[in-house]
Amino acid sequence: MENFLQQLINGITLGSIYGLIAIGYTMVFGIIGMVNFAHGDVFMVSAFIALIIFLALTQLLGVSSIYVAIFIVLLASMLLTSLWNWTIERVAYRPLRGSFRLAPLISAIGMSIFLMNFVQAVQGPRNKPLPPMFNEVIHVTSGGAFDVTLAYKQIIIVAVTAVLLAGFWYLVQKTPLGRAQRAVEQDRRMAALLGIDVDRTVSITFVMGAALAAVAGTLYLVNYGVVSFSDGFTPGVKAFTAAVLGGIGSIPGAVLGGLMIGLIETLWAAYVSNDYKNVAAFSVLIIVLIFMPSGLLGKPEVEKV
Amino acid sequence: MTAQSISSEAMLDLRGVESCYGNIVALKKVDLTVNRGEIVTLIGANGAGKSTLMMTIFGTPRARKGQIIYEGRDIAGLPAHEVARLGIAQSPEGRRIFARMSVYENLLMGAALGDPSSTAGDLERVFAIFPRLKERLTQRGGTLSGGEQQMLAIARALMTRPRLLLLDEPSLGLAPLVVKQIFDVIRDLNRRDGLTVFLVEQNAYHALRLAHRGYVIVNGRITMSGTGAELLARPEIRAAYLEGGH
Ligand SMILES: Nc1ncnc2c1ncn2[C@@H]1O[C@H](COP(=O)(O)OP(=O)(O)O)[C@@H](O)[C@H]1O
Ligand SMILES: [Mg+2]
């Protein structure tokens, strides 16, 4: 029982990170019908940006409060990663829109490889560590077989995720910008007839996806304390799986899918075997897709022109 | 109420416009004028190029030749969203309601460009024209009836505060009573508010009765033009477009 509770806590933490990345996949797919294969690498880049800024703040500028440092890191990483992804869209995807269907996809794979190699070249192939932080724990239970603990960093991860998702939900559901995004997603030609600049709206979608990926990247760094150039791949694939599981195109679906993948992975590792935890997540995906082809919360039609 | 004021000043003037889908020429040397304050209709059979003409004004497909002069300026080649910002609104073929948005949100999409402080007043204005929409405000666009969707498409276009309103087959698939209602609204908007309307229709009888002037399009080419009454009286129009109807 204690073990289960502990794994639940760990799974939700991990799932929050997947959920944040998954939103970027799902929004871009929703609006231009493209799987952005480079999104996992954008996440990885954001973790590096976070790392560099964190080190600069604490070691060069002497910021002593770790909370202040992380807050600044979060904002700066969101900003810079957004700028980065905005540029990627302009350079690598937009010129190919209206070209044959697979062109942007291939371009995205190329961008993924480029980002990975670029970071490897500039940052070196080894893991980049961060001093441990937020390692204090709260003992949720004590006296049993072992204590169930909740680390401060887990609280931070879940809390930051929850606050950002709430803000993000408000943005998409209640503001003119979010409405324009949903309109472009549903019928881009009609949106244009009403004066919506479709290209600009697509750009903003990439920016928003990158900002959330940057939050995920920063939290990932806080959680694991290390990041390497290849760290975009596995979380990226998992988050993409989460987006498909939740129903690609659906934002609540991406969050739900992220939490589910995080939980499945953690519980599988704890109770079955650490070796096949990735297989477990994909198996669940396959089973869900057999019975619900458009995912848990997906819309039936996903065909894009 | 203001008396209708039709000027001979061209608001929209197409000169030798051609547009294509790939290698297929869909519009051939189209000359067409809409004067300020008029209702002008374009009638033609299915596939004649009516919707293409509407969309060409909005730049998709782009006019390959010719000029599209709107309020004295050539707008051929402008992207759709910039055309919309010049005060031209379109209720397109198939109505294109945002199916997963509420009626209210569909209307707000029409107000996307405008000054937010005038939105409330503009909403009241379209509710006065289409009271039904007010009753359906929270309903999803995709669940409306065809007639309601058409009302919403026109209302959404009006929310942009257009000076020129383009309507692509607003009567398509609607019950006669609803068609009459829609056409009455178009007449009111024109006579009472002075709105200039360019109306594409297969329903030639109603359209020609309503319009000040009309054009006939056949295979992408304008073959006839004249006042509504003139065109209605022509035997070839009666034979081709008014057979067995009305
Ligand atoms: N997106 C398109 N791609 C290729 N051909 C098209 C497209 N839209 C319309 N057409 C063709 O252009 C011609 C004119 O179509 P359209 O403007 O829709 O006619 P109408 O509105 O008068 O029914 C038709 O032959 C039609 O098949
Ligand atoms: Mg048509």
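Two strands are taken to pair if DSSP finds at least two bridges between them. This criterion applies to the first view of the predicted model.

**View 1. Strand pairing in the open sheet of chain B.** Strand β1(B), residues 10-21, pairs with β2(B) in the antiparallel sense, over 8 bridges. Within this pairing, Tyr21(B) stands opposite Ile24(B) of β2(B). Both strands belong to an open sheet of 4 strands with antiparallel pairing, in the order β2-β1-β4-β5 of chain B. The edge strands, each pairing on one side only, are β2 (24-35) and β5 (73-74) of chain B.

**View 2. Protein donors of the magnesium ion (ligand 2).** The ion has two residues of chain B as its protein donors: Ser51(B) through OG and Glu93(B) through OE, at 2.0 to 2.4 Å. Ser51(B) lies in helix α1 (residues 50-57) of chain B, whereas Glu93(B) lies in the loop between β6 (88-91) and α3 (103-110) of that chain, so that distant parts of the chain, 42 residues apart, are linked. Ser51(B) has a relative accessibility of 17% and therefore counts as buried, while Glu93(B), at 38%, is partly exposed.

**View 3. Salt bridge between Lys50(B) and Glu169(B).** The closest N and O atoms of this pair are 3.9 Å apart. Lys50(B) is in helix α1 of chain B and Glu169(B) is in the loop between β7 (164-168) and α7 (176-193) of chain B, 119 residues apart. Lys50(B) and Glu169(B) are both buried.

**View 4. Salt bridge between Arg132(B) and Glu148(B).** Here the closest N and O atoms are 3.0 Å apart. Because Arg132(B) is in helix α5 (residues 131-135) and Glu148(B) in helix α6 (residues 146-159) of chain B, the pair ties together parts 16 residues apart in sequence. Arg132(B) is partly exposed, at 35% relative accessibility; Glu148(B) is buried, with a relative accessible area of 5%.

**View 5. Lining of the second largest pocket.** This pocket holds about 550 Å³ of space. Its lining comprises 26 residues, of which Val172(A), Gln173(A), Arg182(A), Gly249(A) and Ile251(A) are the closest to the centre. The elements giving two or more residues to the lining are α1 (2-32), α5 (152-174), α6 (176-186) and α10 (251-271) of chain A. Helix α5(A) gives the most, with 5 residues. The lining residues divide into 11 nonpolar, 9 polar and 6 charged.

Methods: Residues are numbered from 1 along each chain as its sequence is written. Chains are lettered from A and ligands numbered from 1 in the order in which they are written. This is a predicted model: local features need pLDDT of at least 70, side-chain atom pairs count only at pLDDT 80 or more; totals for chains, interfaces and linings use all residues. Side-chain values use heavy atoms; hydrogens and water are left out. On a 1 Å grid over the protein atoms alone, a cavity is a set of points where a 1.4 Å probe fits but cannot get out, and a pocket is an open set with protein on both sides within 12 Å along at least five of seven lines; lining residues have an atom within 4 Å of a point. Grid points are joined across faces, edges and corners, and a volume is the space filled by probe spheres set on the points. Ala, Val, Leu, Ile, Met, Phe, Trp, Tyr, Cys and Pro count as nonpolar, Asp, Glu, Lys and Arg as charged, and the others, Gly among them, as polar. Donors are N, O and S atoms within 2.8 Å of the metal (3.2 Å for Na, K and Ca); water is not among the atoms, so sites may look incomplete. Buried means under 20% relative accessible area, exposed over 50%, partly exposed in between (1.4 Å probe, protein chains only). A salt bridge is a side-chain nitrogen of Lys or Arg within 4 Å of a carboxyl oxygen of Asp or Glu.
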